[in-house]
Amino acid sequence: MRVFILLLASLGLFGCEGQHDSGKEPQINVYLDQARQGDPTGQLKLGILYEQGNGIVQDYKQAMYWYHKAAEQGNADAQFHLGAMIDEGKGVFKNRIEAMKWYRKAAEQGHAKSQNNLGAIYEEGKGVPQDYTQSVYWYRKAAEQGYAKSQDNLALMYLGGKGVPQFDTQAFYWFRKAADQGYAISQNNLGFMYAKGKGVSKNDTEAAYWYRKSAERGNDVGQSNIGYMYYSGLGVPQNDTKAAYWYRKSAEQGNAIAQSNLGVMYYQGRGVPQNYAQAFYWYRMAAEQGYASAQKNLGVLFEEGKGVPQDNRQAAYWYRKAADQGDEAAQRKLDKMGAAP
(Lines give C-alpha, C1' and ligand atoms only; values in the text may rest on other atoms or scores of the structure.)
Protein backbone atom coordinates (compact mmCIF):
# COMPACT_ATOMS: atom_id res chain seq x y z
CA MET A 1 0.00 0.00 0.00
CA ARG A 2 1.13 3.51 -0.71
CA VAL A 3 0.35 6.71 1.10
CA PHE A 4 -0.96 9.54 -1.01
CA ILE A 5 -1.01 13.09 0.21
CA LEU A 6 -3.27 15.94 -0.74
CA LEU A 7 -1.12 18.53 -2.48
CA LEU A 8 -3.23 18.95 -3.07
CA ALA A 9 -7.69 23.16 -3.44
CA SER A 10 -21.89 33.25 -8.48
CA LEU A 11 -28.74 40.55 -12.90
CA GLY A 12 -31.92 41.26 -13.37
CA LEU A 13 -32.84 42.56 -9.93
CA PHE A 14 -36.03 43.30 -8.05
CA GLY A 15 -37.08 43.93 -4.47
CA CYS A 16 -40.38 42.27 -3.57
CA GLU A 17 -40.68 40.57 -0.18
CA GLY A 18 -40.54 36.81 0.34
CA GLN A 19 -42.37 34.63 2.87
CA HIS A 20 -41.12 34.82 6.47
CA ASP A 21 -40.71 32.25 9.21
CA SER A 22 -42.71 33.71 12.12
CA GLY A 23 -39.92 32.92 14.59
CA LYS A 24 -37.45 35.01 12.60
CA GLU A 25 -39.88 37.71 11.52
CA PRO A 26 -38.86 40.44 14.01
CA GLN A 27 -35.21 40.10 13.02
CA ILE A 28 -36.03 39.99 9.33
CA ASN A 29 -38.21 43.07 9.65
CA VAL A 30 -35.38 44.96 11.34
CA TYR A 31 -33.00 44.09 8.46
CA LEU A 32 -35.70 44.90 5.91
CA ASP A 33 -36.29 48.32 7.44
CA GLN A 34 -32.55 49.01 7.54
CA ALA A 35 -32.15 47.79 3.95
CA ARG A 36 -34.98 49.94 2.64
CA GLN A 37 -33.39 52.95 4.32
CA GLY A 38 -30.22 52.26 2.36
CA ASP A 39 -28.12 50.82 5.17
CA PRO A 40 -25.54 48.51 3.51
CA THR A 41 -25.14 46.33 6.60
CA GLY A 42 -28.89 45.67 6.72
CA GLN A 43 -28.86 44.99 2.98
CA LEU A 44 -25.99 42.53 3.40
CA LYS A 45 -27.67 40.68 6.28
CA LEU A 46 -30.95 40.49 4.39
CA GLY A 47 -29.10 39.10 1.38
CA ILE A 48 -27.50 36.42 3.56
CA LEU A 49 -30.90 35.41 4.97
CA TYR A 50 -32.35 35.07 1.47
CA GLU A 51 -29.34 33.15 0.16
CA GLN A 52 -29.32 30.69 3.06
CA GLY A 53 -33.07 30.45 3.49
CA ASN A 54 -32.57 31.19 7.18
CA GLY A 55 -36.00 31.96 8.65
CA ILE A 56 -37.25 32.98 5.24
CA VAL A 57 -37.98 31.20 1.97
CA GLN A 58 -34.69 30.83 0.09
CA ASP A 59 -34.63 33.21 -2.86
CA TYR A 60 -31.39 33.71 -4.79
CA LYS A 61 -32.79 36.59 -6.83
CA GLN A 62 -33.69 38.48 -3.67
CA ALA A 63 -30.28 37.69 -2.24
CA MET A 64 -28.65 39.04 -5.39
CA TYR A 65 -30.79 42.16 -5.25
CA TRP A 66 -29.78 43.08 -1.72
CA TYR A 67 -26.14 42.07 -2.12
CA HIS A 68 -25.98 44.28 -5.18
CA LYS A 69 -27.49 47.23 -3.29
CA ALA A 70 -24.87 46.91 -0.54
CA ALA A 71 -22.02 46.14 -2.95
CA GLU A 72 -22.71 49.30 -4.94
CA GLN A 73 -22.19 51.22 -1.70
CA GLY A 74 -18.75 49.67 -1.31
CA ASN A 75 -19.53 47.00 1.30
CA ALA A 76 -16.72 44.48 0.84
CA ASP A 77 -18.60 41.54 2.37
CA ALA A 78 -21.51 42.17 0.01
CA GLN A 79 -19.12 42.44 -2.93
CA PHE A 80 -17.68 39.07 -1.96
CA HIS A 81 -21.09 37.43 -1.62
CA LEU A 82 -22.26 38.93 -4.89
CA GLY A 83 -19.14 37.69 -6.65
CA ALA A 84 -19.58 34.23 -5.16
CA MET A 85 -23.20 33.95 -6.29
CA ILE A 86 -22.27 34.98 -9.81
CA ASP A 87 -19.29 32.62 -9.74
CA GLU A 88 -21.52 29.71 -8.69
CA GLY A 89 -24.47 30.62 -10.91
CA LYS A 90 -26.93 31.20 -8.07
CA GLY A 91 -29.88 33.28 -9.23
CA VAL A 92 -28.02 34.34 -12.35
CA PHE A 93 -26.07 32.77 -15.20
CA LYS A 94 -22.55 31.85 -14.12
CA ASN A 95 -20.11 34.52 -15.25
CA ARG A 96 -16.48 34.28 -14.16
CA ILE A 97 -15.52 37.72 -15.50
CA GLU A 98 -18.37 39.44 -13.65
CA ALA A 99 -17.55 37.47 -10.50
CA MET A 100 -13.94 38.61 -10.71
CA LYS A 101 -15.05 42.23 -10.95
CA TRP A 102 -16.76 42.01 -7.57
CA TYR A 103 -14.07 39.87 -5.98
CA ARG A 104 -11.51 42.44 -7.07
CA LYS A 105 -13.49 45.33 -5.63
CA ALA A 106 -13.60 43.55 -2.28
CA ALA A 107 -10.01 42.31 -2.54
CA GLU A 108 -8.72 45.82 -3.07
CA GLN A 109 -10.35 46.72 0.24
CA GLY A 110 -8.39 43.93 1.92
CA HIS A 111 -11.15 41.29 1.96
CA ALA A 112 -9.18 38.05 2.48
CA LYS A 113 -11.72 35.58 1.09
CA SER A 114 -12.04 37.64 -2.08
CA GLN A 115 -8.27 37.79 -2.39
CA ASN A 116 -8.13 34.02 -2.05
CA ASN A 117 -10.85 33.52 -4.67
CA LEU A 118 -9.05 35.79 -7.12
CA GLY A 119 -5.90 33.75 -6.54
CA ALA A 120 -7.80 30.53 -7.19
CA ILE A 121 -9.34 31.87 -10.42
CA TYR A 122 -5.94 32.93 -11.76
CA GLU A 123 -4.41 29.59 -10.76
CA GLU A 124 -7.22 27.60 -12.35
CA GLY A 125 -7.31 29.69 -15.51
CA LYS A 126 -10.97 28.95 -16.26
CA GLY A 127 -12.75 31.89 -17.85
CA VAL A 128 -9.59 33.98 -17.63
CA PRO A 129 -6.00 33.47 -18.80
CA GLN A 130 -4.04 31.36 -16.32
CA ASP A 131 -1.59 33.55 -14.45
CA TYR A 132 0.39 32.00 -11.59
CA THR A 133 2.10 35.29 -10.76
CA GLN A 134 -1.25 36.96 -10.15
CA SER A 135 -2.42 33.89 -8.27
CA VAL A 136 0.56 34.08 -5.90
CA TYR A 137 0.07 37.83 -5.49
CA TRP A 138 -3.49 37.45 -4.26
CA TYR A 139 -2.86 34.32 -2.18
CA ARG A 140 -0.04 36.16 -0.43
CA LYS A 141 -2.25 39.18 0.27
CA ALA A 142 -4.76 36.95 2.07
CA ALA A 143 -2.12 34.74 3.67
CA GLU A 144 -0.42 37.72 5.25
CA GLN A 145 -3.74 38.60 6.88
CA GLY A 146 -3.77 35.17 8.48
CA TYR A 147 -6.34 33.52 6.20
CA ALA A 148 -5.52 29.81 6.57
CA LYS A 149 -6.90 28.64 3.24
CA SER A 150 -4.69 31.12 1.39
CA GLN A 151 -1.70 30.17 3.51
CA ASP A 152 -2.21 26.58 2.38
CA ASN A 153 -2.66 27.65 -1.25
CA LEU A 154 0.47 29.79 -1.13
CA ALA A 155 2.39 26.86 0.35
CA LEU A 156 1.25 24.66 -2.54
CA MET A 157 2.47 27.27 -5.03
CA TYR A 158 5.92 27.18 -3.41
CA LEU A 159 5.86 23.39 -3.29
CA GLY A 160 5.04 23.17 -6.99
CA GLY A 161 7.13 26.15 -8.10
CA LYS A 162 4.10 27.86 -9.64
CA GLY A 163 4.44 31.65 -9.92
CA VAL A 164 7.40 31.54 -7.53
CA PRO A 165 10.69 29.60 -7.49
CA GLN A 166 10.19 26.12 -6.04
CA PHE A 167 11.06 26.47 -2.34
CA ASP A 168 10.25 23.71 0.14
CA THR A 169 11.21 25.80 3.16
CA GLN A 170 8.65 28.46 2.27
CA ALA A 171 6.06 25.76 1.60
CA PHE A 172 6.70 24.32 5.05
CA TYR A 173 6.48 27.80 6.61
CA TRP A 174 3.06 28.54 5.16
CA PHE A 175 1.68 25.03 5.81
CA ARG A 176 2.74 25.47 9.43
CA LYS A 177 1.02 28.87 9.67
CA ALA A 178 -2.27 27.37 8.52
CA ALA A 179 -1.86 24.13 10.48
CA ASP A 180 -1.35 26.06 13.70
CA GLN A 181 -4.75 27.63 13.12
CA GLY A 182 -6.33 24.19 12.98
CA TYR A 183 -6.77 24.06 9.18
CA ALA A 184 -7.08 20.32 8.60
CA ILE A 185 -5.85 20.27 5.01
CA SER A 186 -2.65 22.05 6.01
CA GLN A 187 -2.20 19.78 9.00
CA ASN A 188 -2.19 16.85 6.59
CA ASN A 189 0.14 18.64 4.20
CA LEU A 190 2.50 19.53 7.05
CA GLY A 191 2.55 15.83 7.95
CA PHE A 192 3.58 15.12 4.37
CA MET A 193 6.46 17.59 4.62
CA TYR A 194 7.74 15.83 7.75
CA ALA A 195 7.23 12.40 6.21
CA LYS A 196 9.22 13.29 3.10
CA GLY A 197 11.76 15.61 4.72
CA LYS A 198 10.76 18.52 2.51
CA GLY A 199 11.67 21.93 3.93
CA VAL A 200 12.38 20.29 7.29
CA SER A 201 14.28 17.28 8.61
CA LYS A 202 12.43 14.02 8.01
CA ASN A 203 10.55 13.06 11.17
CA ASP A 204 7.93 10.29 11.15
CA THR A 205 6.80 11.09 14.68
CA GLU A 206 5.97 14.67 13.69
CA ALA A 207 4.37 13.41 10.47
CA ALA A 208 2.10 11.08 12.43
CA TYR A 209 1.28 13.87 14.89
CA TRP A 210 0.04 16.19 12.15
CA TYR A 211 -1.74 13.46 10.21
CA ARG A 212 -3.64 12.61 13.39
CA LYS A 213 -4.49 16.28 13.97
CA SER A 214 -5.93 16.43 10.46
CA ALA A 215 -7.69 13.09 10.84
CA GLU A 216 -9.36 14.11 14.08
CA ARG A 217 -10.79 17.14 12.30
CA GLY A 218 -12.39 14.82 9.77
CA ASN A 219 -10.00 15.25 6.85
CA ASP A 220 -10.23 12.07 4.78
CA VAL A 221 -6.67 12.30 3.45
CA GLY A 222 -5.29 12.79 6.96
CA GLN A 223 -7.33 9.79 8.09
CA SER A 224 -5.93 7.67 5.27
CA ASN A 225 -2.39 8.79 6.02
CA ILE A 226 -2.51 8.16 9.77
CA GLY A 227 -3.97 4.77 8.90
CA TYR A 228 -0.92 4.09 6.78
CA MET A 229 1.40 5.18 9.59
CA TYR A 230 -0.25 2.68 11.95
CA TYR A 231 -0.20 -0.03 9.28
CA SER A 232 3.52 0.50 8.69
CA GLY A 233 4.58 1.44 12.23
CA LEU A 234 5.98 4.77 11.12
CA GLY A 235 6.14 7.39 13.86
CA VAL A 236 3.68 5.37 15.95
CA PRO A 237 3.68 1.80 17.28
CA GLN A 238 2.48 -0.60 14.59
CA ASN A 239 -1.23 -1.27 15.19
CA ASP A 240 -3.44 -2.97 12.63
CA THR A 241 -6.64 -2.26 14.56
CA LYS A 242 -5.98 1.48 14.54
CA ALA A 243 -4.92 1.32 10.91
CA ALA A 244 -8.23 -0.31 9.96
CA TYR A 245 -10.13 2.20 12.10
CA TRP A 246 -8.68 5.21 10.30
CA TYR A 247 -8.88 3.62 6.87
CA ARG A 248 -12.59 3.01 7.47
CA LYS A 249 -13.14 6.61 8.59
CA SER A 250 -11.55 7.82 5.36
CA ALA A 251 -13.12 5.15 3.15
CA GLU A 252 -16.60 6.06 4.34
CA GLN A 253 -15.95 9.60 3.09
CA GLY A 254 -15.20 8.19 -0.37
CA ASN A 255 -11.39 8.26 -0.29
CA ALA A 256 -10.37 5.70 -2.93
CA ILE A 257 -6.92 4.99 -1.49
CA ALA A 258 -8.38 4.29 1.94
CA GLN A 259 -11.09 2.13 0.39
CA SER A 260 -8.45 0.07 -1.38
CA ASN A 261 -6.30 -0.19 1.73
CA LEU A 262 -9.28 -1.23 3.85
CA GLY A 263 -9.90 -3.92 1.26
CA VAL A 264 -6.32 -5.10 1.81
CA MET A 265 -6.94 -5.28 5.55
CA TYR A 266 -9.98 -7.50 5.00
CA TYR A 267 -8.14 -9.63 2.46
CA GLN A 268 -5.22 -10.17 4.83
CA GLY A 269 -7.29 -10.31 8.02
CA ARG A 270 -5.24 -7.55 9.61
CA GLY A 271 -7.02 -5.43 12.22
CA VAL A 272 -10.34 -6.93 11.11
CA PRO A 273 -11.54 -10.53 10.67
CA GLN A 274 -10.56 -11.89 7.26
CA ASN A 275 -13.52 -11.37 4.97
CA TYR A 276 -13.16 -11.68 1.21
CA ALA A 277 -16.65 -10.33 0.57
CA GLN A 278 -15.75 -7.13 2.44
CA ALA A 279 -12.43 -6.99 0.60
CA PHE A 280 -14.35 -7.22 -2.67
CA TYR A 281 -16.76 -4.48 -1.57
CA TRP A 282 -14.04 -1.99 -0.73
CA TYR A 283 -11.86 -2.84 -3.74
CA ARG A 284 -14.90 -2.33 -5.94
CA MET A 285 -15.66 1.04 -4.38
CA ALA A 286 -12.11 2.23 -5.09
CA ALA A 287 -11.86 0.56 -8.50
CA GLU A 288 -14.97 2.33 -9.74
CA GLN A 289 -13.27 5.62 -8.89
CA GLY A 290 -10.41 4.62 -11.20
CA TYR A 291 -7.82 3.67 -8.57
CA ALA A 292 -5.46 1.27 -10.34
CA SER A 293 -4.25 -0.69 -7.33
CA ALA A 294 -7.83 -1.52 -6.37
CA GLN A 295 -8.64 -2.50 -9.96
CA LYS A 296 -5.74 -4.94 -9.92
CA ASN A 297 -6.77 -6.36 -6.54
CA LEU A 298 -10.34 -6.74 -7.75
CA GLY A 299 -8.96 -8.73 -10.65
CA VAL A 300 -7.17 -11.00 -8.17
CA LEU A 301 -10.41 -11.73 -6.33
CA PHE A 302 -12.18 -12.61 -9.57
CA GLU A 303 -9.28 -14.81 -10.66
CA GLU A 304 -9.10 -16.59 -7.30
CA GLY A 305 -12.87 -16.73 -6.76
CA LYS A 306 -12.59 -15.14 -3.32
CA GLY A 307 -15.60 -13.13 -2.13
CA VAL A 308 -17.11 -13.47 -5.59
CA PRO A 309 -17.68 -16.32 -8.08
CA GLN A 310 -14.51 -17.17 -10.03
CA ASP A 311 -14.58 -15.35 -13.37
CA ASN A 312 -11.49 -15.04 -15.56
CA ARG A 313 -13.23 -12.67 -17.93
CA GLN A 314 -13.97 -10.22 -15.12
CA ALA A 315 -10.45 -10.73 -13.79
CA ALA A 316 -8.99 -9.79 -17.16
CA TYR A 317 -11.33 -6.79 -17.40
CA TRP A 318 -10.08 -5.31 -14.14
CA TYR A 319 -6.44 -6.23 -14.77
CA ARG A 320 -6.68 -4.40 -18.08
CA LYS A 321 -8.21 -1.35 -16.40
CA ALA A 322 -5.22 -1.22 -14.03
CA ALA A 323 -2.66 -2.04 -16.73
CA ASP A 324 -3.96 0.79 -18.91
CA GLN A 325 -2.95 3.13 -16.07
CA GLY A 326 0.56 1.72 -16.00
CA ASP A 327 0.20 -0.92 -13.27
CA GLU A 328 2.97 -3.37 -14.17
CA ALA A 329 1.77 -6.13 -11.83
CA ALA A 330 -1.63 -6.05 -13.52
CA GLN A 331 0.04 -6.28 -16.92
CA ARG A 332 2.00 -9.33 -15.78
CA LYS A 333 -1.25 -10.91 -14.63
CA LEU A 334 -2.74 -10.30 -18.07
CA ASP A 335 0.33 -11.77 -19.77
CA LYS A 336 0.16 -14.85 -17.56
CA MET A 337 -3.52 -15.32 -18.37
CA GLY A 338 -2.78 -14.89 -22.06
CA ALA A 339 -5.60 -12.36 -22.25
CA ALA A 340 -6.06 -10.70 -25.62
CA PRO A 341 -5.76 -6.89 -25.73
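A polar contact is a pair of N or O atoms within 3.5 Å, where, within protein, one atom must be able to donate a hydrogen and the other to accept it. The legends below describe close-up views of a predicted model.

**View 1. Aspartate 87 and its partner tyrosine 103 are joined by a polar contact.** Aspartate 87 has its place in helix H4, which covers residues 76-88. The side chains of aspartate 87 and tyrosine 103 are joined by a polar contact of 3.2 Å. Aspartate 87 counts as buried because its relative accessible area is 12%, and buried means under 20%.

**View 2. The largest nonpolar core holds 66 residues.** Within this core, Phe175, Ile226, Met229 and Tyr247 are the residues that touch the most other members. Helix H14, made of residues 256-268, gives the most to this core, contributing seven residues.

**View 3. Phenylalanine 175 is shown with the residues that it touches.** Leaving aside residues up to four places away in sequence, phenylalanine 175 touches Asp152, Ala155, Leu156 and Leu159, and also Ser186, Asn189, Leu190 and Met193.

**View 4. The whole chain is given as the setting for the close-ups.** The secondary structure of the chain comes to 18 helices and zero strands, and its C-alpha trace spans about 75 × 45 × 40 Å along the principal axes. Of the 341 residues of the chain, 47% count as buried. The chain carries 39 positive and 34 negative side chains, and the centres of these two sets lie 5 Å apart.

Notes
Residues numbered from 1 in each chain as written. Predicted model: local features only at pLDDT ≥ 70, side-chain atom pairs only at ≥ 80, totals over all residues. Heavy atoms only, no water. Helix = DSSP H or I, 4+ residues; strand = E, 2+ residues; numbered from the N terminus. Buried < 20%, exposed > 50% of the residue type's maximum accessible area, 1.4 Å probe, protein only. Lys, Arg positive; Asp, Glu negative; His and termini not counted. Charge placed at Lys NZ, Arg CZ, Asp CG, Glu CD. Core = buried A, V, L, I, M, F, W, Y, C linked by side-chain atoms within 4.5 Å. Contact = heavy atoms within 4.5 Å.
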